[in-house]
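Look at the model below. Then work through the questions, each of which sets a value against its definition.

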Amino acid sequence: MQVLHLSVECFPVAKVGGLADVVGSLPKYQRHLGIDAAVVMPWYDTPFVRENEWDKVAEGSFYQGSEPLNYIVFKERVDKLGFPLYLIKIPGKLDRPEVYCYADEAEQWIAFQHAFLRWIKYDRTAPDIIHCHDHHVGLIPFLIRYANEFNSLKDIKTVFTVHNGQYQGWMGWNKSIILPAFDTWRWGLLDWDGMINPLATAIKCCDAYTTVSEGYLEELYVEANGLQHLFRDESAKSRGIVNGIDVSYWNPATDPLIPATYSLPTAAQGKQENKKKLCAQYGLSEQLPLLSFIGRFALEKGADCLSKIIRNLLSQNMAEITIFILGSGDPQIEDELADLKAEFPKHMGLFVGYNEALAHQVYAASDMLLMPSRVEPCGLNQLYALKYGTIPIVRGIGGLQDTVKDVSEDGGYGFVFAQLGGNDAEEAVERALEQYKTEKDWEVLRSRAMSLDFSWDKSAQKYKDLYDQLIN
Ligand code: GLC
């Protein structure tokens, strides 16, 4: 069975969020199950692209409206990621350093999907499944059925995975002229509330859609930024499949990015060594419990509440906790956190930016990880944290609810709180600090956490079952 994953992010080629981690690891685990899985993504001007070797496998040209575009399909020579990786280069549209934030984003993603379909139609054998990730590639299930040029591909099954239903790729109807020519009687499939909505189109036209946790699927039925009815109407073809993590990369016993490697029996000492290094670097005390936050400074992640939570914690427990924040995003949140750091220099470390190696070091060094998310379709950071023996303190929603069990439950290994307003987060941290005081209790938690299996094995099998069902 051949599966092509289509995405605009894939780690380590180009990463903005968790989407990249999933697309960069799931295909490898699917290949272990005998699926011939590969990834197709845009060619960006990133270090990974410059530093690796590529073979040209196809090229062609097409018109986007009245603009002529050329495309070249490259394949990475040695399958370095554990699966075949294809990049589609479109000079002038998709050969830039960043993934997002360009004004012509609609043109970019439409061009990518158009070039992909031409390549599939004219230059290679069709796959059994096209697996599309997020709205950027949400028009594919529509185009293979209703774009005149591509409806010979209409029997290919399509799976669409929702990593984030907040973003839907809205564009005005004036963009319809840059789509490959389609059966205009079908315009309603592109429309949602007077806009072209690629996420809605994907949900209407795909053969099956999945969300990255079961809890998130239930949430989308209730609130999906305007699409909740649609998610419910199409629920017969839905499935929640929780993400896994790549345990060959996220493994404290072998991680080359952390100063001191460790495994379960050596965790106490190993984590302390990592903490010592990180704290020394940032002028923090290594004697105190270390609580971290890693992620985008966005409303979705609850990052706007961080300063309030940190201020409350530090003013009440000044002597008892150290905080480390790694991330970037909303400039106002960046400023607030910088001010807070200036106020509590010995108790708070801050790195503004994206830094993969530092993220590994922070997981290894921290005792607890805070995730006060408003929306969390799956969340990978809590899974990385668990693997590194770092206890998650999370808001009980979406994938966080599905993957973190509160200590009050049998076999619990984390701290779950309900609301973002009020002091729920602070109280959860205080519960954790209480437990931390008794070394034995904390060790129990840590060993439960590190013994969990969140590798891709189970979920990769669930995707396989879904593909099998669609093909037969
Ligand atoms: C998005 C979601 C996150 C999820 C990731 C991978 O970034 O916000 O919760 O883990 O996609 O599916």
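Q: What makes up the accessible surface of the chain?
A: The surface comes to about 18400 Å², and 50% of that belongs to carbon and sulfur atoms. Areas come from the Shrake-Rupley method with a 1.4 Å probe. This is a predicted model: local features need pLDDT of at least 70, side-chain atom pairs count only at pLDDT 80 or more, and totals for chains, interfaces and linings use all residues. Residues are numbered from 1 along each chain as its sequence is written, and side-chain values use heavy atoms, without hydrogens and water.

Q: How many of the 472 residues are buried, as a percentage?
A: Buried residues make up 59%. Buried means under 20% relative accessible area (1.4 Å probe, protein chains only).

Q: What makes strand E7 mostly covered?
A: Strand E7 spans residues 157-162, and five of its six residues are buried. A strand here is a DSSP run of E, at least two residues, numbered from the N terminus.

Q: How do you know that E6 and E7 pair?
A: Two strands pair if DSSP finds at least two bridges between them. E6 (residues 129-133) and E7 have five, in the parallel sense. In E7, Thr161 is the bridge partner of His133.

Notes: Buried < 20%, exposed > 50% of the residue type's maximum accessible area, 1.4 Å probe, protein only. Helix = DSSP H or I, 4+ residues; strand = E, 2+ residues; numbered from the N terminus.
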